[in-house]
Amino acid sequence: MKRNHPMTAVLVSFLFLGLVVIFTPLIGSQSLNFSRVLAYLHGQTTPDGTIFFRIRLPRVLLGVLTGASLSLAGVVFQALLRNPLATPYTLGISSGGAFGAVLMIKLGWSITWLGFSTVQTAAFIGSVLTILLVYTLSRRAGQISIHLMILAGVSISYFFGALILMVHFLADFTQTSQMIRWMMGGLDVVDFAVIGRTLPLLLLSFAVLFALARMLNLISLSEITALSKGVAVLRVQKIAFLFASLITGLVVAMSGPIGFVGLIVPHLMRIFTGPDHRYLIPASLFFGGAFLTLCDTIARTVLAPVEIPVGIITALLGGPFFLVLLFRQK
Amino acid sequence: MISVQKIDFAYNGWPVLREVSFSVARGEFLAVIGPNGAGKSTLLKLLDGILQPQKGYILLKERPLPDYSRRQLARLIGYVPQEFPVAFHFTAREVVLMGRFPYQRLLGGTTAEDYRVAQEAMQITDCGHLSERFFTRLSGGEKQRVVLASALAQQPEMLLLDEPTTALDLKHQVHFYRILQKLRRERQLTIVVVTHDVNLAALFAERVVILKQGKVVADGPVAEVLTRKRLESVYETPLTLVRHPLSGTPVVLPGRSPNGKEVGA
C-alpha cells in the first residue's frame, strides 16, 4: 500500500480547520447573518456581531484548543509509551483531575482567581500531582520504565475512580448532578480571559512537542534504537512527558475529561500522514481542533436550546466513523 | 579504534561481565562468541554507551566513552540490535532515513544529502527495491538488511551487530556476511559481531573473542582460538573440528567422531 505525500494531509486538515472556525460560529439556535457579523468589525454594534464574537467565537476557540491539545497529547503518549492504544488519560491524568474537581464541588469553596474557578484550579492541581506520582513511581536506575509507567498510571486511575465514587456517595443531590455534568466534559463553562491566559502556555507546548518530532519517531521504535541513533532519550522523554501532561491537565481543568478525541484523532491522521511525527503532529493538531469544534456545534444545536455534553457526541460520532475507516482501510 | 579496559558490569547487582579487556583495531573484523548468558549482548551495549560499566572504562579513539554525546557516538558507531521492534507503519526508507538523525538539525528538513546517503546505504545492503514497503511487512532477511542500511546511513566508522543472522536462512546468512566483508574492505569499517554461529564467524572474521560467564577466556586469530579442546570446554559438549575444504577455516560439528563414538548415541 502506498501513501500520498503526508504534506497533503497536513494541508487538508489545516483547510478543514479554517472552514470549521469560520462557519461553525454562524450556526446555532439563533442563526446569524454573515454581513451583519462583518459590520461588527467596522464598529457597528449588531446583535449578530455580539453573539458571534462574544459568545460563539470564544467557545469555538476553546473547542479548537481543547481538541488540538488532546489529539497532540494522544500522539505523544502513543509514541512515548509505544502503545497505539494510549490516550492522554492512560496515565491517570484525567482521573486525578476529576478527583480534584469533584472534591472541590463537594467542599463547595468558590474563589475565582485570575479568571480560574476553584474547580478548575483543583482539577489542574489533581492532574499535576497524579502525573508527578506516576513519573516518580516509574523511575528506575536513571531510566523511565515504560512498563511500570503504564501499570502505575492504570492502577492510579482505578484508585482515583474509587475515590471519586466515594465523594459522589457522600455528596448531596445537587452536588452529584454537578459532578456528573463535570465528568461528561463540556466547552460551555469558560470565559475569554481563561482562554487568553492559557493560550501562550498551550502554544509553547505545541511548539516544543513539534520540535521533538524526529526524536519521537525514534523513541516510538525503541529506546535502544533511539539511543544508538543519537537521541538523548531520557531528556527527550522528560520534556515530552512534561509538556504532553501539561496541556492535558490544562484542558481537563478547562473543559473536563472529554474522551475519545485523544485516541481516534491520532489514529485517523496516521492513516493519512503515516507515523512520521513531523506530519502527524500538525495534522492531529489541526484536525483534532476542527473535529472537537464540529462535535461541539452538533452538541449545542441538535437538541437546541438544550446542549448535550460534547463528550457524548465525540464518542457517538467518532466511534462509528473511526470503525468504518478502519475496516475500509484493510 | 575501541579499547575496553577491565570493565565490570552488573544488572541490579547481578554480575554479567567481570574484568573484561580487549581492543579492536581500525578495520578489524572481530567475532565475539560464547554460550548463552555469557554477556555478549551486554558487551555490545556497553561498547555503544547504551549501558555504562560499573568498573573500568572504554576508550573510543583514545577518548573515554562518556565524553561523547549520544549524537557524536551515533556518527561513529552503528548498532544493529538483535531485535528491531517497529510498532507503527514506517516504510523501509523512513527507517533508513532515521539513521541520518545525528546529522540533522532540530528543525531542519531532510536534506538531499540525507536522501543520497540513505539511498546509497540501501544499495549496498541490497534493499533499494524495498524502500516503499512497510517495514513491519518485510521478511526477516529483508528487515535485517534494512536495519543494517539504517545503521550505515549514520556513516559510522564502526559497526556493532548483535546476532545479525540468527533469524536468517543459509542464503541470507552468507549474503549478509558478504555485505559486511565488503563494507570492511571498501570502507575500512571496523566490525564487531556477536554470534552463536561459530562456523560463519570462522569464515568471515579474522579475530575471535570467546566470552564465558562474563569473562574473556580466549582472544586471538581464528585459527588459534578455535580449537576443539577449547570449544568443548566453553560449550561443555563433545565436538568435532574439521577444516573447510575451500577456505581452510575451522568448521565445528556437534558430537565426537574419533574412537568410533557415534554422533547422537
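Student: What is the area that chain B and chain A bury between them, and how much of it is on carbon and sulfur atoms?
Tutor: In this predicted model, chain B and chain A bury about 2,600 Å² between them, with 66% of that area on carbon and sulfur atoms. The value is called buried area because it is the accessible area lost on putting the two parts together, summed over both.

Student: What makes residues of chain B count as in contact with chain A?
Tutor: Contact requires heavy atoms within 4.5 Å. By that criterion, 32 residues of chain B are in contact with 25 residues of chain A.

Student: How many salt bridges does the rule find across the interface of chain B and chain A?
Tutor: The rule finds 0 salt bridges there. Polar contacts, by contrast, number 7 residue pairs, both residues at pLDDT 80 or more. On the side of chain B that touches chain A there are 17 nonpolar, 9 polar and 6 charged residues.

Student: What lines the largest cavity, and why is it called a cavity?
Tutor: A cavity is so called because a 1.4 Å probe fits but cannot get out. The largest cavity has a volume of about 40 Å³ and is lined by A:Leu80, A:Ile144, A:Ile146, A:Met149, A:Gln237 and A:Phe241. By class, its lining has 5 nonpolar, 1 polar and no charged residues.

Student: How many charged residues does the lining of the second largest cavity have?
Tutor: That lining has 5 charged residues, along with 4 nonpolar and 1 polar. Among the lining residues are A:Arg59, A:Arg181 and A:Asp188; Asp and Arg count as charged.

Conventions. Residues numbered from 1 in each chain as written. Chains lettered and ligands numbered in written order. Predicted model: local features only at pLDDT ≥ 70, side-chain atom pairs only at ≥ 80, totals over all residues. Heavy atoms only, no water. Buried area = accessible area lost by both parts, 1.4 Å probe. Salt bridge = Lys/Arg side-chain N within 4 Å of Asp/Glu carboxyl O. Polar contact = N/O pair within 3.5 Å; in protein donor to acceptor, adjacent residues only side chain to side chain. 1 Å grid on protein atoms, 1.4 Å probe; cavity = no way out; pocket = protein on both sides within 12 Å on 5 of 7 lines; lining within 4 Å. Points joined across faces, edges and corners; volume = space filled by probe spheres on them.
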